[in-house]
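Biologist: I would like to learn to read a model feature by feature. Can we take it one question at a time?

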Amino acid sequence: MAVGNYYKYLRKLTKNQPASAGEIFDFKDFMPYFIFQLIIIGGMIVLYIPMIFIAVIGGAASYGSDEQSVMGPILMFPYMFIMFAVILYFALKGFYIPALITFKGVADIKTAWNISKVMTKGNLLNIFLFSFVIGILSQIGVIACGIGLLLTLPFMYTANYFAFEDAIQQIEYDEITEIGITEKY
């Protein structure tokens, strides 16, 4: 929620509107962010349920013998690969949900999800590479004994803000009105 308010603060700064740092800690949009976080936590719990069955199967396969069974690792590798792919897919498809909540005031998470799916159509590789590069650059602060976090984390959030702002402008921008509508075909 503070990140969404930080995006609003950056929007005011880029539009030369008066803004104060205290606006970052405003709690107006608490419920959409809270529901979004609950959905993420619930999704992660659902993704971890198969791990319980893999652990039980791996333990049952080695029961009664002195040696460990290879059943657990054999099942765990495909599970981890599938889990990584599912998390990556949903993270990329839902990339614009925070921007829609923050800038457009979309309070319904299902609506935000559907709009985000449409916005990311054909751009998944670009979003992945952008997030990957920004993530690596923001982690440089951790390598510098944590002191660099004061510079690199705001860089990451500011880069995400400009990506969100660009995406919002693209859905608001109408090229036909710029060119002009003609009745002749």
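This is a predicted model: local features need pLDDT of at least 70, side-chain atom pairs count only at pLDDT 80 or more; totals for chains, interfaces and linings use all residues.

Biologist: Is S69 buried, partly exposed or exposed?

Modeller: Read the relative accessible area; buried means under 20% and exposed over 50%. S69 has 23%, so S69 is partly exposed.

Biologist: Which residues is S69 in contact with, leaving aside neighbours within four places in sequence?

Modeller: G58, A61 and S62. Now look along the chain the other way. Y89 is 20 residues from S69, and their C-alpha atoms are separated by 32 Å.

Biologist: Let us turn to a helix. How does the span of helix 7 agree with its number of residues?

Modeller: The expected span is 1.5 Å times one less than the number of residues. Helix 7 has 24 residues, so it should span 34 Å; its end C-alpha atoms are 34 Å apart, which agrees.

Biologist: Which residues of helix 7 are buried?

Modeller: T152, M156, A159, N160, Y161, F164, E165, A167 and I168. They pack against helix 1, helix 4, helix 5 and helix 6 (124-143).

Biologist: N160 lies in helix 7. Why does N160 count as buried?

Modeller: Its relative accessibility is 14%, and that is why N160 counts as buried. Beyond residues up to four places away in sequence, N160 touches Y7, F95 and F130.

Biologist: Which residues form the aromatic cluster?

Modeller: Y7, F95 and F130 belong to it, together with Y96, F103, Y161, F162 and F164. F103 has a charge over its ring too: the charged end of R11 sits 4.2 Å from the ring centre.

Biologist: How many aromatic pairs does the structure hold?

Modeller: It holds 13. To classify a pair, check the ring planes; under 30 degrees apart counts as stacked. Take F30 and F34: the ring centres are 5.4 Å apart and the planes are at 15 degrees, so this pair is stacked.

Biologist: What is Y96 in contact with, leaving aside neighbours within four places in sequence?

Modeller: S116, M119, T120, I127, A163, F164 and A167.

Biologist: T120 is on that list. Is T120 buried or exposed?

Modeller: T120 is at 0% relative accessibility, so T120 counts as buried. T120 lies in helix 5 (residues 109-120).

Biologist: What does the side chain of T120 reach?

Modeller: The backbone oxygen of K117, at 3.2 Å. For polar contacts, N or O atoms must be within 3.5 Å.

Biologist: And which residues is T120 in contact with, leaving aside neighbours within four places in sequence?

Modeller: L92, K93, Y96 and I127.

Technical notes
Residues are numbered from 1 along each chain as its sequence is written. Side-chain values use heavy atoms; hydrogens and water are left out. Helices (H or I, at least four residues) and strands (E, at least two) are DSSP runs, numbered from the N terminus. Buried means under 20% relative accessible area, exposed over 50%, partly exposed in between (1.4 Å probe, protein chains only). A polar contact is a pair of N or O atoms within 3.5 Å; within protein, one must be able to donate a hydrogen and the other to accept it, and residues adjacent in sequence count only if both atoms are side-chain atoms. Contact means heavy atoms within 4.5 Å. Rings of Phe, Tyr and Trp (its six-membered ring) pair if their centres lie within 6.5 Å; planes under 30 degrees apart count as stacked, over 60 as edge-to-face and the rest as tilted. A charge sits over a ring if NZ of Lys or CZ of Arg is within 6 Å of the ring centre and within 35 degrees of the ring normal.
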